[in-house]
Amino acid sequence: MARKAGYALLAALVSAVILVTTLALVGTDGPGGRLHSANGAKRPPAEQASSGAWTGTWSASAVSAEPNTDDGYPDMSIRNVVHVSVGGSSARIHLSNQYGALPLVISRATVAVASAPSSPVPAAGTMRRLTFGNKATVTLPAGETAVSDPVRIDVPDSADLLVTTYSPTPSGPVTYHPFARQTSYLAHGDHAADTTGTAFTEQSPYWRYVTAVDVWSRDAEGAVVVLGDSITDGITSTAGANHRWTDFLAARLLQEKDAPRMGVLNQGISGNRILSDAPPRSPSNGVSGLNRLESDALSRTGAATLVVELGINDILKVPHQTDPDAIVGGLREITALAHERGLRVVGATLTPFGGHRGFTPRLEAVRQEVNRQIRNEQVFDAVVDFDLALRDPNRTNRLLPAYDSGDHLHPSDAGYRRMAEVVDLDRLRPPAPVVT
């Protein structure tokens, strides 16, 4: 009996070794394993189809420090509502203390699928606690970011997720995205794992700390990252309706036959420019497109195609950039840097602003020349002509009234939909991998 027991024990040990070895060989890049490379490089299509890969499904730029938050939100739970594009079988969450001045301690963080659009109530059975390096508490030094460990959760396409953080102590200025066009929620005390939502009585128009969501997908082909200004930020879209042009684009990619299955990441910052950082008096306009290109676009998980919708603020905001060659030069530099990382680049023409209080014939001439060069020269791999799509054919320096939000600069919901409609989806497909 002793010998038989010994053989049984030996067999069990051998089986365990084989199992661990197998997991080490085939499971370390999976939903519960180590992260992919920092630049989010996706696998070749054949391998990805069989084993899956991480893909960005939602993002928002960390813009600045929220005013009047010198102590942060101590003993408060912040439940961010975010609307994903592609779904997956696991998720991981990116948090940021980029504009903080003190270490940010998050003692509890969770993710769940919302029970209804914009609701703070999780769907039954979807609440998941997040860990960071297998620990429930994470401390983000000032200026730093963190990515959660993967957590298994069934994320549907086009779903609202609830990302909740709880900070027990004062943490300094809060890193936020001010023009979310989405209602999020706050609660006093630690309610991060609350499954009823009843404690979340305070509403907020901001996203705080959370900057991205990745999903593990077996069929996604990577992510489309949109680097833009307030037009991409969707500042005049209907709040809570997900009517930014990037939302309409994400819907097309999911619904249309033969469209590439790709996540859509909105890296729009209202007031943003290509060439100049925001002045101290307007910190919510963000650092320049060139200066945030790496952090906001090229390093996004699964980034495969970059869409650039920038330039109108370089012309319109003081000090005005009146040299079209300088603006186009900045766009060329963005394209070159993206090409170095293997991304395809689609560039947008600058949309009309006739009738806006800042309009002058001189500034209009700059816009027209920038658009001429975008259309006629090799600035991007492909061009989406938002100017042509939105302008009034009888007054080409103005938005068509149906597409005008009323300020003669930003589109209406119908205008945002039209922008998504004119994007050639085939132009968004990831570049074919180079065979050597």
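## Overview

Of the 436 residues in the chain, 53% are buried, where buried means under 20% relative accessible area, exposed over 50%, and partly exposed in between (1.4 Å probe, protein chains only). This is a predicted model, so local features need pLDDT of at least 70 and side-chain atom pairs count only at pLDDT 80 or more, while totals for chains, interfaces and linings use all residues. Residues are numbered from 1 along each chain as its sequence is written, and side-chain values use heavy atoms, with hydrogens and water left out.

The secondary structure comes to 10 helices and 23 strands. These are DSSP runs numbered from the N terminus: helices are H or I with at least four residues, strands are E with at least two. Contacts are heavy atoms within 4.5 Å. Among contacts with a separation of 6 or more, 80% are between residues 24 or more positions apart.

## Salt bridges

Side chains of opposite charge can pair when their charged atoms come close. The rule used here asks for a side-chain nitrogen of Lys or Arg within 4 Å of a carboxyl oxygen of Asp or Glu. The count is 20 salt bridges. One of them joins the side chains of R92 and D214, at 2.8 Å from N to O. This pair links distant parts of the chain: R92 sits in strand β4 (residues 88-96), D214 in strand β16 (residues 210-217), and 122 residues separate them. R92 is buried, at 4% relative accessible area. D214 is buried as well, at 2%.

The side chains of D426 and R429 also form a salt bridge, at 3.0 Å from N to O. Here D426 is partly exposed, with a relative accessible area of 46%. R429 is partly exposed too, at 26%. Elsewhere, salt bridges link E364, R367, R375, D385, D387 and R391 in a network.

## A buried aspartate without a salt bridge

D149 is found in the loop between β9 (145-147) and β10 (151-155). D149 is buried but has no salt bridge. The nearest side chain of opposite charge is that of R92, 9.0 Å away. For charge, Lys and Arg count as positive and Asp and Glu as negative; His and the chain ends are not counted.

What does the side chain of D149 meet in a polar contact of 2.6 Å? The partner is the side chain of T131. A polar contact is a pair of N or O atoms within 3.5 Å; within protein, one must be able to donate a hydrogen and the other to accept it, and residues adjacent in sequence count only if both atoms are side-chain atoms. A polar atom of the D149 side chain also lies 3.4 Å from the backbone nitrogen of F132. Leaving aside neighbours within four places in sequence, D149 is in contact with A91, R92, T131, F132, G133 and N134.

N242 has a positive phi near 55°, though not a glycine. N242 is buried, at 15% relative accessibility.

α4 is mostly covered, with 8 of its 11 residues buried. The buried set is W245, T246, D247, F248, L249, A250, R252 and L253. D247 has a salt bridge to R244, side chain to side chain, at 2.7 Å from N to O. Both ends are buried: D247 has a relative accessible area of 17%, and R244 has 6%.

## Packing of α5 and α7

Two packed helices are described by the angle between their axes and the distance between the axes. For α5 (residues 289-298) and α7, the angle is about 35° and the axes are 11 Å apart. Axes are lines fitted to C-alpha atoms, for helices over the stretch in contact, and angles run from 0 to 180 degrees between N-to-C directions.

From α5, L290, L293 and L298 meet G330, E333, I334, L337 and A338 of α7.

## Backbone exceptions

The peptide bond from V318 to P319 is cis, with omega near -5°. P319 lies in the loop between α6 (312-316) and α7 (324-340).

D75 is not a glycine, yet has a positive phi of about 55°. D75 lies in the loop between β2 (64-65) and β3 (76-83). D75 is partly exposed, with a relative accessible area of 38%.
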